[in-house]
Amino acid sequence: MLKKFCYVFSIIAVLIVTSGCNDNEEENKALNEEENATEHEEPIIDEKETTGDNNDMTSQNDDANTDSNDILKQVKPIPTNISGFISQKQGMFANKSVYDNEKEVKKQLKMLPPLSENASEKELKKYLAYMYWLVAEDLPNPKDMIKKWEFSSFGNPDLPDSRYHFKENYNIEVILDSSGSMAAVTTVGKTRMELAKETINNFLKNIPEKANVSLRVYGHKGSGSDADKDMSCSAIEQVYGFAPYNANKIQQALNKFSPKGWTPIAAALKQSKEALKQFEAKNNSNLIYLVSDGVSTCDGDPVKVAKSLSNSNAKPVINIIGYQADGKAQEQLQKMAEASNGVYTTANDQNELEEEFDRAEEVLELWKEWKEDALQDLDAMSVNNGFDIMELSNNWHFRSLSQGNHLLDTINLAEEVGIVTFEQEQKLQKRAHKVNDMVTQLDGEIEENLKNISTENIKKTKKSINEKFNKQTQN
């Protein structure tokens with residue numbers, strides 16, 4: 001309990017700091033009024049309009065195949081509202097120090113020609129937008145928070161989605177990406193796979209003994225080479241279950257595979273759908289956790305299959321975790337969650353991965369109590385929602401602060417490489433401060449909106465919340 005109170009006070013302190021930002025309407029009006037669009041793997045350029053690999057471009061103005069002005073025409077504008085900022089995907093230098101990656105950042109900046117001496121406001125906006133998308137952060141999405149609250153309300157008979165009503169039996173399947181990229185070493189010295197295995201094992205060992213569990217892996221054979229693609233894309237295996245948790249057998253199952261090959265997400269979901277046929281939704285609560293760090297690299301449409309799985313006779317709740325996933329992978333995984341009416345979460349480290357499984361663990365404990373005719377503690381759930389709001393606000397603050405500082409650093413480097421003059425640098429810095437202030441101010445608006453929601457009226461407010469945060473950013 002003391003630890004929880006310390007956590008609350010630390011977050012409150014951060015919120016007090018963020019509330020001191022300057023609310024200058026005139027400055028906000030000076031910002032780019034163009035609409036924002038969703039980013040892809042290359043966060044700066046609209047994928048539809050790009051021809052060739054941008055990484056091969058140089059700053060030579062006489063190269064007809066590398067027309068820098070064409071690059072600027074394709075640059076997406078900086079968002080100007082909540083829906084724009086929460087839908088943006090991270091840039092190639094998100095979560096990275098600009099000066100630690102100075103050589104690579106300068107390479108991207110040199111793709112642009114020097115700003116004209118008497119640059120117009122439109123030109124300044126384009127150059128600032130180009131730099132913004134280099135460092136853009138994956139800001140927390142309030143829509144994801146709403147979905148998590150609904151998931152945490154599992155068992156409430158008033159929820160409109162019958163998948164969230166407790167049934168006599170509970171079945172959980174964890175689908176784990178074992179492709180080659182999961183061998184990447186994290187900042188704590190362990191690979192993504194090692195940390196994922198630890199987290200999954202800790203989760204499974206704490207679930208109720210009467211729940212059935214399954215562990216399915218994919219991409220754990222072959223290699224990332226083209227020669228091994230067919231073999232690797234067919235490498236999908238249920239290494240455990242469906243059966244109650246057995247510590248020795250689970251550990252043996254976890255030891256059977258290591259990260260090696262390609263990423264057959266669609267095929268893995270198809271196999272899961274087939275396996276879940278025996279657990280009809282009428283008598284079973286079914287939950288799937290898919291953990292992946294990358295985009296699907298094999299045949300099939302994972303978004304379409306996820307929707308089909310959700311609509312099957314088992315009607316599982318599908319929770320998808322993008323584990324240290326890049327912008328393109330996040331986009332695909334989020335679409336899968338949306339298509340299946342599931343929950344998507346980005347986990348950047350083991351702690352965030354554990355948090356998502358902890359949420360499932362709490363739901364399973366409620367299921368156990370439900371079977372024992374215990375009552376659900378809605379007051380405690382309301383308190384937990386309050387913690388979630390503070391955590392989201394905290395994450396928004398630190399990610400927007402990082403994004404803002406990196407944008408200012410990038411503008412400094414632009415002056416160093418000679419694409420802007422000192423005077424132009426000052427103008428860009430001023431505009432960057434306006435963007436940073438706006439992003440910070442939106443934190444308070446999001447927090448206030450979330451405070452107006454409680455788990456006891458999810459059914460009534462879900463529609464209005466989705467309309468608020470789903471508002472399109474295009475006319």
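Strands β5 (residues 317–323) and β6 (residues 343–347) pair in the parallel sense over five bridges. Helices and strands here are DSSP runs, numbered from the N terminus: H or I over at least four residues for helices, E over at least two for strands. Two strands pair if DSSP finds at least two bridges between them. The model is predicted; local features need pLDDT of at least 70, side-chain atom pairs count only at pLDDT 80 or more, and totals for chains, interfaces and linings use all residues. Residues are numbered from 1 along each chain as its sequence is written, and side-chain values use heavy atoms, with hydrogens and water left out.

Five of the five residues of β6 are buried, so the strand is largely enclosed by the rest of the structure. Buried means under 20% relative accessible area, exposed over 50%, and partly exposed in between (1.4 Å probe, protein chains only). In a regular strand the side chains alternate between the two faces of the sheet. In β6, V343, T345 and A347 point one way. Y344 and T346 point the other way.

The open sheet has six strands, in the order β3-β2-β1-β4-β5-β6, with mixed pairing. Its edge strands are β3 (236–243) and β6, each pairing on one side only. Neighbouring strands are turned by 15° against each other on average, direction ignored. Axes for such angles are lines fitted to C-alpha atoms, for helices over the stretch in contact, and angles run from 0 to 180 degrees between N-to-C directions. Strands of a sheet pair through backbone hydrogen bonds, either parallel or antiparallel. Strands β1 (residues 169–177) and β2 (residues 212–218) pair in the parallel sense over seven bridges. There, R216 of β2 is the bridge partner of I175.

Helix α8 (residues 192–204) has 13 residues. From first C-alpha to last, α8 reaches 18 Å, close to the 18 Å expected at 1.5 Å a residue. The expected span is 1.5 Å times one less than the number of residues. Helix α8 is mostly covered, with ten of its 13 residues buried. Among them are R192, M193, K197, N201 and F203. T199 also lies in α8. T199 counts as buried, at 2% relative accessibility. Its side chain reaches the backbone oxygen of L195 at 2.9 Å.

S83 is found in helix α4 (residues 82–87). S83 is buried, with a relative accessible area of 10%. A polar contact of 3.1 Å joins the side chains of S83 and N81. Such a contact is a pair of N or O atoms within 3.5 Å; within protein, one must be able to donate a hydrogen and the other to accept it, and residues adjacent in sequence count only if both atoms are side-chain atoms. S83 and N141 are 58 residues apart in sequence and 8.9 Å apart in space, C-alpha to C-alpha.

The structure holds one disulfide (a pair of cysteine sulfur atoms within 2.5 Å). C233 and C298 form it, with sulfur atoms 2.0 Å apart. The link is left-handed, with -85° about the S-S bond. It connects distant parts of the chain, 65 residues apart: C233 in helix α9 (residues 229–233), C298 in the loop between β4 (284–292) and α12 (302–310). C233 counts as buried at 15% relative accessibility, and C298 counts as buried at 11%.
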